[in-house]
Amino acid sequence: MSITVAQFLDVADGLQANQFSIGDRVQIGGLNDVDPDHKQLMDGQVTAVMAVMGGDGRPNLSAMWFDYDGDTDRVLVNVAAHRKKTSWIRANPQITVMLMNPANPYHWMSMKCTVEREVSEDDPEEGAMVTAQLDKIWDKYTGAGGAYGLRDPSMDERRVLFICKVDRIATFGRSA
């Protein structure tokens with residue numbers, strides 16, 4: 001697998017011609033090959049913003065916890081089955097995820113992705129994987145360990161895991 005990364009020029013080293021445009025396009029073998037300065041956004045507790053096309057044809061943005069599988073080069077999107085964004089993703093299985101450094105908004109990366117498949121938490125064969133992934137990101141972002149602690153207590157909240165192929169990446173800036 002190969003992913004194209006568009007590396008935007010930034011002003012970290014001062015003003016330059018064509019700043020804020022794409023400086024280079026490089027091919028990487030997979031998500032583990034993202035440059036370390038941007039991979040730290042993927043591995044850290046950076047809240048992502050996911051864009052999906054809403055029912056009215058406009059982009060809908062949602063803050064979410066970010067996860068990926070570096071072995072399969074897939075972005076993992078775990079959402080509650082009853083939410084609108086779940087049906088919107090099914091209707092238009094293309095999403096964009098942006099990770100922005102909370103300490104430096106001029107250091108970010110975005111990933112355009114296509115859903116390859118979805119797995120329901122109720123699936124008798126793969127459902128446990130959905131729960132385990134949710135518990136994993138719960139621990140990553142809260143440090144609380146154990147089971148995901150934010151299920152809606154008014155219902156038997158069930159989850160869906162969208163497994164997404166990364167189509168292309170854009171990066172901007174540096175952490176420092």
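Val11 lies in the loop between strand S1 (3–8) and strand S2 (22–28). Its relative accessible area of 31% makes Val11 partly exposed, that is, between the limits for buried (under 20%) and exposed (over 50%).

Helix H1 (residues 36–43) has Asp37, His38, Lys39, Leu41 and Met42 buried. Their cover includes strand S7 (94–100), strand S8 (108–120) and helix H3 (127–142). Helices (H or I, at least four residues) and strands (E, at least two) are DSSP runs numbered from the N terminus.

Within strand S8 lies Ser110, which counts as buried at 15% relative accessibility. Leaving aside residues up to four places away in sequence, Ser110 touches Val97, Met98, Arg168, Ile169 and Ala170, where contact means heavy atoms within 4.5 Å.

Strands S3 (residues 48–53) and S4 (residues 59–64) pair antiparallel over six bridges, pairing requiring at least two DSSP bridges. Met53 has Pro59 in S4 as its bridge partner. Five residues separate the two strands of this hairpin, and Gly57 in the turn has a positive phi of about 85°.

Residues are numbered from 1 along each chain as its sequence is written. In this predicted model, local features need pLDDT of at least 70 and side-chain atom pairs count only at pLDDT 80 or more, while totals for chains, interfaces and linings use all residues; side-chain values use heavy atoms, without hydrogens and water.

How values were computed:
Buried means under 20% relative accessible area, exposed over 50%, partly exposed in between (1.4 Å probe, protein chains only).
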